[in-house]
Structure formats: structure tokens, C-alpha cells
Amino acid sequence: MNLRTFLPPMPIPVSAPPEPGEPARELPDPGLEPGRPAVVAFLRHTGCPFAEATARQLREAAEAHPEIDWVAVSHASTVATARWRDAIGGLDGVRLLIDDGRVHYATWGLGRSSLTHFMGRRSLGEVARLARQGIRNRHPDGTRWQQAGTFAIDGEGVVRWRHLPDHAGDLPDLAAAARALG
């Protein structure tokens with residue numbers, strides 16, 4: 001186990017998250033595909049059961065809605081993210097972007113969480129639920145303190161829906177994200 005993932009990262013300035021109706025923020029290269037609606041999920045650390053559950057949902061949503069650009073953003077290194085992606089069965093239909101400096105996370109309003117956000121009763125209950133489904137902690141990389149968030153962006157680059165989790169186990173409703181894009 002990588003115990004460094006338990007150490008809080010250095011704080012960086014965090015913007016307020018974009019509200020529905022506001023323009024989307026910049027993403028790591030290559031960013032969004034111009035003119036195409038997208039759902040962007042900023043993941044918790046690689047190895048996190050909640051990141052894996054979200055990734056699996058993204059993969060299923062990409063198959064159901066190929067007209068939408070499904071994007072996952074990781075703050076782990078490219079190598080660690082690729083290793084994790086392969087361990088969870090791949091991310092067919094999902095583009096994977098790397099933000100190892102967490103700069104884009106901060107731009108989208110996703111900063112450092114609290115200990116109760118990822119170790120609180122609700123999160124630990126969700127860890128147990130996912131474990132019963134075969135989703136468990138894997139070799140972590142990144143920081144457990146990073147907040148996740150998911151945004152639906154229309155073809156004009158406007159945020160139409162967002163999910164900011166109340167706790168680490170509060171996963172996004174990707175069907176609602178797709179509906180918000182029409």
C-alpha cells in the first residue's frame with residue numbers, strides 16, 4: 001500500500017466550481033472535442049473503489065451514448081493511470097486525460113477534501129457495498145484527499161449539469177448527465 005496517498009497534499013488555489021449555464025473550464029490536453037457534448041468525470045485517486053465504480057459507469061454510458069464524448073480525468077501519473085486502467089478492464093469509449101498537478105481539478109472547483117469526506121461513515125458504508133460487488137481498493141496512486149466531480153457540457157462548451165459529491169462514495173448519476181445534454 002502506498003501510505004503517501006494518506007498524506008494531505010499541499011493546498012493550491014481552488015476556484016468556485018462552474019454552475020450550470022456557465023462556460024466550461026479548460027481541461028488537460030487535448031481537452032474537449034469542439035462542437036461535441038461531453039461528460040467529464042474528475043476521478044479520485046487511482047486505486048480508489050469510487051474511481052473504479054465511476055470508471056465502470058463511464059464505460060457503460062459510453063456504450064449506451066456514443067454521441068457524447070465521455071472523459072475521465074486522473075491526477076495520478078500517466079504510467080500509474082494506465083496501469084490502473086488496465087487493471088479495471090480498460091476504458092473503452094472513454095478518453096482519459098492526465099492532470100498530475102491537479103491544476104485543472106482546482107480550476108473546476110475541486111480541491112482538497114476533509115478526512116470525513118473519504119473516511120466518514122457514509123463513505124466507509126459505500127466501500128463495503130462496492131466490496132460486495134467485487135470493487136476493492138487497489139494499489140493507490142495520487143492522493144485520497146482529492147475531491148471528485150462530474151460535469152455535463154453541451155456542444156457550445158456550456159455546463160448543463162454537475163455532480164459535486166457530498167462524500168467520497170456519492171457517485172454521479174451518469175444517466176442524468178446524458179439527459180441534461182438532450
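Guide: E33, R36, D69 and R95 are linked to one another in a network of salt bridges, where a salt bridge is a side-chain nitrogen of Lys or Arg within 4 Å of a carboxyl oxygen of Asp or Glu. Side chains of opposite charge can pair when their charged atoms come close. Please keep in mind that this is a predicted model, in which local features need pLDDT of at least 70, side-chain atom pairs count only at pLDDT 80 or more, and totals for chains, interfaces and linings use all residues. Residues are numbered from 1 along each chain as its sequence is written, and side-chain values use heavy atoms, with hydrogens and water left out.

In total, the structure holds nine salt bridges. One of them joins R25 to E22, with the closest N and O atoms 3.9 Å apart. R25 has 24% relative accessibility and therefore counts as partly exposed; buried means under 20% relative accessible area, exposed over 50%, and partly exposed in between, using a 1.4 Å probe and protein chains only.

Another pair is R85 with D86, whose closest N and O atoms are 3.1 Å apart. Here R85 is partly exposed, with a relative accessible area of 29%, whereas D86 is exposed, with a value of 53%.

E126 forms a salt bridge with R129, and the closest N and O atoms lie 2.8 Å apart. Both residues belong to helix 5 (residues 121-132) and are three residues apart, about one turn of the helix. Helices (H or I, at least four residues) and strands (E, at least two) are DSSP runs, numbered from the N terminus. R129 is partly exposed, its relative accessible area being 29%.

Now for the aromatic cluster you asked about. A search of the whole structure finds four aromatic pairs; rings of Phe, Tyr and Trp (its six-membered ring) pair if their centres lie within 6.5 Å, and planes under 30 degrees apart count as stacked, over 60 as edge-to-face and the rest as tilted. In one of these pairs, the ring centres of F42 and Y105 are 5.0 Å apart and the planes meet at 65°, so this pair is edge-to-face. It connects distant parts of the chain, since F42 is in strand 1 and Y105 is in helix 3 (residues 103-107), 63 residues apart. F42 is buried, with a relative accessible area of 2%, and Y105 is buried too, at 0%.

F42 also pairs with W108: the ring centres are 5.5 Å apart and the planes are at 45°, so this pair is tilted. Again distant parts of the chain are linked, with F42 in strand 1 and W108 in the loop between helix 3 and helix 4 (115-119), 66 residues apart. W108 is buried, its relative accessible area being 0%. Taken together, ring pairs link F42, Y105, W108 and F151 into a cluster.

F151 brings us to strand 4, where it lies on one side together with G149 and I153, with T150 and A152 on the other, and all of these are buried. Five of the five residues of strand 4 (residues 149-153) are buried, which means that this strand is largely enclosed by the rest of the structure.

What does strand 4 pair with? Strand 1 (residues 38-42) runs antiparallel to strand 4, and five bridges join the two; strands pair if DSSP finds at least two bridges between them. Our aromatic residue F42 takes part here as well, with G149 of strand 4 as its bridge partner.

Strand 4 is also joined to strand 5 (residues 159-163), by four bridges and again antiparallel. There, the bridge partner of T150 is H163 in strand 5. Strands 4 and 5 form a hairpin with five residues between them, and in the turn G157 has a positive phi of about 85°.
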